[in-house]
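Subject: Structure handover

Hello,

Here is the structure for your files. My notes follow below it.

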Amino acid sequence: MEELDHLVLLGLMTVLFTVCSLPLIIRAYMGAFAADFNENADLSALRFLSVNSIVDPWVFIIFRTSVFRGFVRRVCRRLGSRRASLKGSSPAGDSQFCPPGWRRTDPPHLGVP
């Protein structure tokens with residue numbers, strides 16, 4: 001399960017880096033193949049790229065295993081209680097919405113399976 005957490009974090013950081021670097025790449029190609037001297041667009045692309053170095057540590061902190069699992073548990077509980085209130089029954093808890101191994105009732109996974 002920890003490997004999946006790390007894979008999600010890696011994927012999120014890769015997408016973030018790609019989104020932040022695309023404007024600079026596009027401006028570089030536009031400058032290479034066309035006579036486009038728009039300094040404001042160039043500065044905006046550089047600012048967008050600098051956002052990556054600011055946001056990356058926050059993404060890493062927020063999507064750490066413990067914080068991310070706590071967030072998923074809260075979302076699962078809210079989904080469970082909202083669905084139960086719509087059906088008019090008692091809350092079913094987070095067992096239905098949380099991934100296996102992330103529920104509070106699951107035994108801790110220690111060692112190799």
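One salt bridge turns up in a search of the whole structure; the term needs a side-chain nitrogen of Lys or Arg within 4 Å of a carboxyl oxygen of Asp or Glu. This is a predicted model: local features need pLDDT of at least 70, side-chain atom pairs count only at pLDDT 80 or more, and totals for chains, interfaces and linings use all residues. Residues are numbered from 1 along each chain as its sequence is written, and side-chain values use heavy atoms, with hydrogens and water left out.

The salt bridge joins the side chains of Asp 42 and Arg 27, at 2.8 Å from N to O. The pair links distant parts of the chain, 15 residues apart: Asp 42 sits in helix H2 and Arg 27 in helix H1 (residues 2-33). Helices are DSSP runs (H or I, at least four residues), strands likewise (E, at least two), numbered from the N terminus.

Arg 27 is buried, at 13% relative accessible area. Asp 42 is partly exposed, at 30%. The cut-offs: buried is under 20%, exposed over 50%, partly exposed in between (1.4 Å probe, protein chains only).

Asp 56 also lies in helix H2 (residues 39-62). Its relative accessibility is 19%, so Asp 56 counts as buried. Beyond neighbours within four places in sequence, Asp 56 contacts Met 13 and Leu 16 (contact: heavy atoms within 4.5 Å).

Now the whole chain. It has three helices and zero strands, in the pattern α-α-α. Of its 113 residues, 19% count as buried.

Best wishes
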